[in-house]
Amino acid sequence: MKFYIFLILSISSLISCKPSPKKELSREEKRDEILKNIIEPKISDNKLLLTDFGAAGDSVTDAKPAFDKALVVCKEQNGGRIVVPAGVYIVNGPIHLVSNTSLEIQKGAKLIFGTNAEDYLPAVPTSWEGTFINNYSPLIYAYQAENVVITGEGVIDGNGKEGFSKWYDKQKPAQELSRKMNHENVPVKDRVFGAGSFLRPQLIQFFECKSILIEGVTVANSPFWCVHFLKSENIIARKVKFDAFNKNNDGFDPEYSKNILIEDIDFNNADDNVAVKAGRDHEGRKTAMSSENIIIRRCRFRGLHGVVIGSEMSAGVQNVFVENCTYAGYCKRGIYLKSNPDRGGFIRNIYVNDVEFGNVEDGVFITSFYHGEGKGFETDIRNVFIENLSFKAASHAGLVIQGYPTKKVANIHFSNVRIDSCATAVSFTNAEQIVFNNVVIGQQVNEPTAVK
């Protein structure tokens with residue numbers, strides 16, 4: 001009898017010690033946990049004046065040799081702050097940043113990159129529309145570096161309109177070849193593009209970098225994507241201004257990257273303001289490095305689309321927060337999540353809060369069938385929470401969800417959403433678990449009219 005009582009007591013004590021279920025964090029708590037992991041890089045005290053290395057800022061003298069010399073010193077001395085004073089600097093070739101280096105482009109200073117394509121060879125490791133290749137160097141490029149900063153109130157002008165942007169109509173063969181190499185798993189070392197390929201380089205790219213800050217500068221006239229964060233982490237982009245109207249002039253493209261804060265940005269782009277990506281098709285699924293923990297706040301959208309996820313997102317995108325943003329002009333679409341059945345992967349845990357747009361074509365557009373193509377690798381899109389979102393007008397559609405028959409878009413919440421005028425209010429196909437709370441599209445209906 002005594003043994004029986006002891007057994008009961010022992011079992012009871014074990015039950016009482018069982019840990020309680022972990023509390024689900026609120027949206028704010030999840031966001032704040034991410035912010036704790038985003039730490040601003042330290043700017044070096046080792047000041048290097050670019051003009052001391054031979055730069056003239058006279059809009060004629062090539063400043064590329066001066067940058068190269070200053071960067072050698074930065075590498076030798078384990079860091080430096082390269083200061084570019086007021087003036088116009090022609091740069092005939094890429095600037096390759098190194099660890100612990102800050103590029104300070106002061107007010108009144110302008111970098112204008114040269115248009116001779118051969119100056120951007122030899123090819124460097126990079127990525128093009130979600131596929132790893134070796135191609136022309138991005139105009140400002142950091143590869144496997146830490147503590148890299150671009151700051152100041154000056155202008156970075158990619159001179160794309162007069163140079164690489166003219167290649168847009170010639171890129172198709174190389175574009176298709178890169179995708180073929182992706183699908184056939186060709187070794188990256190054998191994916192050598194460059195001369196004759198017509199694949200335009202990015203204006204600024206950080207590839208496999210940690211601790212990045214880009215702040216204050218104006219980014220203009222890019223040959224291709226403006227700022228590309230590739231396989232990088234611990235990133236802050238703050239108070240950047242865009243003036244970019246060439247083909248594919250996305251503002252920020254985080255890809256395979258995490259722990260990112262994008263805040264207080266003035267967008268003015270011919271393409272997406274922020275496009276979160278994570279690789280294309282086979283290679284993205286193989287890389288399996290999701291883009292995650294991204295906060296976009298206090299920005300002013302203007303361009304093609306405000307915030308986009310995809311279409312290259314095969315490794316998955318999760319934990320994206322869009323908060324307290326407004327618009328500075330027209331956007332074709334406000335919030336745009338796009339994939340197709342070639343991609344696979346997932347889009348999940350997306351939070352949009354306190355955001356307003358003016359006139360758009362579509363308000364919120366979520367599609368698993370982008371361009372109406374693809375098969376075999378449906379994307380799992382779920383857990384999207386949209387609260388306090390408004391539009392003045394949507395000329396085409398207010399809220400659109402296009403799931404896939406074998407993989408429906410699921411668990412999408414709309415709360416306090418208002419669209420003042422709209423052609424098609426709601427168009428949902430292959431969608432489930434859609435929740436509405438205080439959603440008004442068109443003129444709000446108040447009291448019912450009386451019967452006469």
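Student: Which residues does serine 368 touch, not counting residues up to four places away in sequence?

Tutor: Contact here means heavy atoms within 4.5 Å. With residues up to four places away in sequence left out, serine 368 touches Ser339, Asn340, Pro341, Thr379, Ile381, Gln402, Gly403, Tyr404 and Val409. This is a predicted model, where local features need pLDDT of at least 70, side-chain atom pairs count only at pLDDT 80 or more, and totals for chains, interfaces and linings use all residues. Residues are numbered from 1 along each chain as its sequence is written, and side-chain values use heavy atoms, with hydrogens and water left out.

Student: Where is serine 368 found, and is serine 368 buried or exposed?

Tutor: Serine 368 is in the loop between strand 25 and strand 26. Helices (H or I, at least four residues) and strands (E, at least two) are DSSP runs, numbered from the N terminus. The relative accessible area of serine 368 is 3%, so serine 368 is buried. Buried means under 20% relative accessible area, exposed over 50%, and partly exposed in between, with a 1.4 Å probe and protein chains only.

Student: On to aromatic rings. How many aromatic pairs does the structure hold?

Tutor: A ring pair is described by the distance of the centres and the angle of the planes. Rings of Phe, Tyr and Trp (its six-membered ring) pair if their centres lie within 6.5 Å; planes under 30 degrees apart are stacked, over 60 edge-to-face, and the rest tilted. The structure holds 27 aromatic pairs. One of them joins phenylalanine 301 and phenylalanine 357, which are stacked at 5.6 Å centre to centre with 10° between the planes.

Student: Which parts does that pair tie together?

Tutor: Phenylalanine 301 lies in strand 23 and phenylalanine 357 in strand 25 (residues 346-367), so the pair ties together parts 56 residues apart in sequence. Phenylalanine 301 and phenylalanine 357 are both buried. Phenylalanine 357 also stacks with phenylalanine 391, at 5.3 Å centre to centre and 10° between the planes. This second pair links distant parts of the chain: phenylalanine 357 in strand 25 and phenylalanine 391 in strand 26, 34 residues apart. Relative accessible area is 2% for phenylalanine 357, and 1% for phenylalanine 391, so phenylalanine 391 is buried.

Student: Which residues do ring pairs link into a cluster?

Tutor: The cluster consists of Phe206, Phe229, Phe242, Phe252, Phe267, Phe301, Phe357 and Phe391.

Student: Which arginine lies over the face of phenylalanine 377?

Tutor: The test is geometric: NZ of Lys or CZ of Arg must be within 6 Å of the ring centre and within 35 degrees of the ring normal. Arginine 285 lies over phenylalanine 377, at 3.6 Å from the ring centre. Arginine 333 lies over the face of phenylalanine 365, at 5.1 Å from the ring centre.

Student: Now the backbone. Which residues have a positive phi although they are not glycine?

Tutor: Most residues other than glycine have a negative phi, and most peptide bonds are trans. Aspartate 281 has a positive phi of about 50°. Aspartate 281 sits in helix 5 (residues 281-287), and at 3% relative accessibility counts as buried. Asparagine 388 has a positive phi of about 60°. Its place is in strand 26 (residues 380-402). Asparagine 388 counts as partly exposed, at 29% relative accessibility.

Student: Where do cis peptide bonds occur?

Tutor: One joins leucine 121 and proline 122, with omega about 10°. Proline 122 is in the loop between strand 7 (109-113) and strand 8 (124-128). Another joins glycine 310 and serine 311, with omega about 0°. Serine 311 lies in the loop between strand 23 (300-309) and strand 24 (317-338).

Student: What span should helix 3 have?

Tutor: The expected span is 1.5 Å times one less than the number of residues. Helix 3 (residues 64-76) has 13 residues and should span 18 Å; its end C-alpha atoms are 19 Å apart, which agrees. In helix 3, Lys64, Ala66, Phe67, Ala70, Leu71, Val73 and Cys74 are buried. Asparagine 78 follows helix 3, with a positive phi near 60°.

Student: How many disulfides does the structure hold?

Tutor: A disulfide is a covalent bond between the sulfur atoms of two cysteines. The cut-off is a pair of cysteine sulfur atoms within 2.5 Å. The structure holds zero disulfides. For cysteine 299, the nearest cysteine sulfur is that of cysteine 325, 4.6 Å away. Cysteine 299 counts as buried, at 1% relative accessibility. For cysteine 331, the nearest cysteine sulfur is that of cysteine 325, 11 Å away. Cysteine 331 counts as buried, at 1% relative accessibility.
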